[in-house]
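This report walks through the model shown below, beginning with the surroundings of its ligand and ending with the backbone.

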Amino acid sequence: MEDRQRAVKMKTIIIATKNKGKIREMAEEFAELPVIIRALDEFGELPDAVESGHTFAENARIKAAFYSRLTGQACLADDSGLEIDILDKRPGIYSARFAGDNASDGDNNKKMISEMKKAGVDSSNARYKCVLAFFDINGRILQAEGECEGKIKLSPKGSNGFGYDPYFYIRGGKKSMAEISALEKNEISHRGKAVKRMKILLAEYLA
Ligand SMILES: O=c1nc[nH]c2c1ncn2[C@H]1C[C@H](O)[C@@H](COP(=O)(O)OP(=O)(O)OP(=O)(O)O)O1
Ligand SMILES: [Mg+2]
C-alpha cells in the first residue's frame, strides 16, 4: 500500500495535553504505532479541561473525554503528579496547582521547598504517579498507570525534564530526574511505564 493510502486508513490519536514536557516524552513512543499522532496545539486555542476529579484516573478520563468531544477525534490524556511522604502525599493530584491556579513549575518548586522546610526536613521519600486515559469517539476507554519511587531533596540538579524533576532523585539517590536523558527517563519513569502499558492496549485495540 502507498503511504498516502495507508494514511487515509490510519486512525488519528491526539495527545491531549497542554504540557510540552509530556508531549516530548510521549510523542515518539506512540509514533511506533500504526496511527497518526497529533498534538492538541494543532487544533488552535482550546479551553482548559476542568480537572475536578478526586483521583489521577478521574482527571485523566475527564481530560480525554473533554478533548475528544471538542476535536471529534480519539484522545489520549495524562494526569500525573508527585506524592511526598513527609507532606502526607501532597501535592498529589494538585501538583500543577500546588502554588495556586496558573502556577509555573518554578512557583510549585518554591512552594514545595517551603512546605518541606516547614516540616523540618530537607529530604523525603516520594513517588511520581501517572494515569493515561484513551477515549475514542465511540466511547471506548483504555487506561494505564505507572509509578516511580524516588526521593525529594532540596538541592536541585540538572536541566532536563520538567516540573519537579531537578528535585526528584531517582533510585540510588545520586542523580536527579533532570540529569538523565529523555530516553533514560522513559525507561524508569511513571509516564514511561504507563506509556508502555498503553501501547500494548492500543496495539490490541487497533488490531
Ligand atoms: O515527569 C514529571 N516530571 C516532573 N514533574 C512532573 C512529571 N509528571 C508530572 N509532573 C508534575 C508537573 C505538574 O505540576 C503536575 C502534572 O499536572 P497535570 O495536570 O497532570 O498536567 P499539566 O497541567 O501540566 O498538563 P495537562 O493537564 O494539560 O496534561 O505534576
Ligand atoms: Mg493539568
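## Ligand surroundings

Of the 21 residues around ligand 1, those that come nearest are T17, N19, S95, A96 and G163, where a residue is near a molecule if its C-beta atom, placed from the backbone, lies within 6 Å of it. This is a predicted model, in which local features need pLDDT of at least 70 and side-chain atom pairs count only at pLDDT 80 or more, while totals for chains, interfaces and linings use all residues. Residues are numbered from 1 along each chain as its sequence is written, and chains are lettered from A and ligands numbered from 1 in the order in which they are written.

Strand 3 (residues 74-84) supplies the largest share of the shell around ligand 1, namely five residues; helices (H or I, at least four residues) and strands (E, at least two) are DSSP runs, numbered from the N terminus. By class, the shell around ligand 1 holds five nonpolar, nine polar and seven charged residues, with Ala, Val, Leu, Ile, Met, Phe, Trp, Tyr, Cys and Pro counted as nonpolar, Asp, Glu, Lys and Arg as charged, and the others, Gly among them, as polar.

A96, one of the residues that come nearest to ligand 1, lies in the loop between strand 4 (90-91) and helix 4 (105-118). A96 counts as buried because it has 21 C-beta neighbours inside 10 Å; a residue is buried if 20 or more other C-beta atoms lie within 10 Å of its own, exposed if 12 or fewer, and partly exposed in between, with C-beta atoms placed from the backbone. Eleven residues separate A96 and D107 in sequence, and their C-alpha atoms are 9.8 Å apart in space.

## Strand 1

I14 has its place in strand 1 (residues 11-15), and I15 is found in strand 1 as well. I14 is buried, with 23 other C-beta atoms within 10 Å, and I15 is buried, with 21 other C-beta atoms within 10 Å.

Leaving aside neighbours within four places in sequence, I14 is in contact with R38, L40, Y67, T71, Q73, A74 and C75, two residues being in contact if their C-beta atoms, placed from the backbone, lie within 7 Å. With the corresponding neighbours within four places left aside, I15 is in contact with I23, M26, A27, I37, A39, L40 and L76.

The table lists residue pairs by their separation along the chain and by the distance between their C-alpha atoms.

| Pair | Separation in sequence | C-alpha distance |
|---|---|---|
| I14 and A64 | 50 residues | 9.3 Å |
| I15 and R38 | 23 residues | 6.2 Å |
| K20 and F162 | 142 residues | 8.9 Å |

K20 has its place in helix 2, and with 11 C-beta neighbours inside 10 Å it counts as exposed.

Two packed helices are described by the angle between their axes and the distance between the axes. Helix 2 (residues 20-30) and helix 6 (residues 190-206) pack at an angle of about 30 degrees, with their axes 11 Å apart; axes are lines fitted to C-alpha atoms, for helices over the stretch in contact, and angles run from 0 to 180 degrees between N-to-C directions. Helix 2 and helix 6 are therefore roughly parallel to each other, a term for angles under 35 degrees, whereas those over 145 count as roughly antiparallel, 65 to 115 as roughly perpendicular and the rest as oblique.

On the side of helix 2 the contact is made by K22, E25, M26, E29 and F30, and on the side of helix 6 by R191, V195 and K199. This contact has three nonpolar, no polar and five charged residues.

## Backbone features

Most residues other than glycine have a negative phi, and most peptide bonds are trans. The peptide bond from R90 to P91 is cis, with omega near 0 degrees, and P91 is found in strand 4.

D88, in the loop between strand 3 and strand 4, has a positive phi near 55 degrees although it is a residue other than glycine, and D88 is exposed, with 9 other C-beta atoms within 10 Å. N102, which is not a glycine either, has a positive phi of about 65 degrees; N102 is found in the loop between strand 4 and helix 4 and is exposed, with 9 other C-beta atoms within 10 Å.
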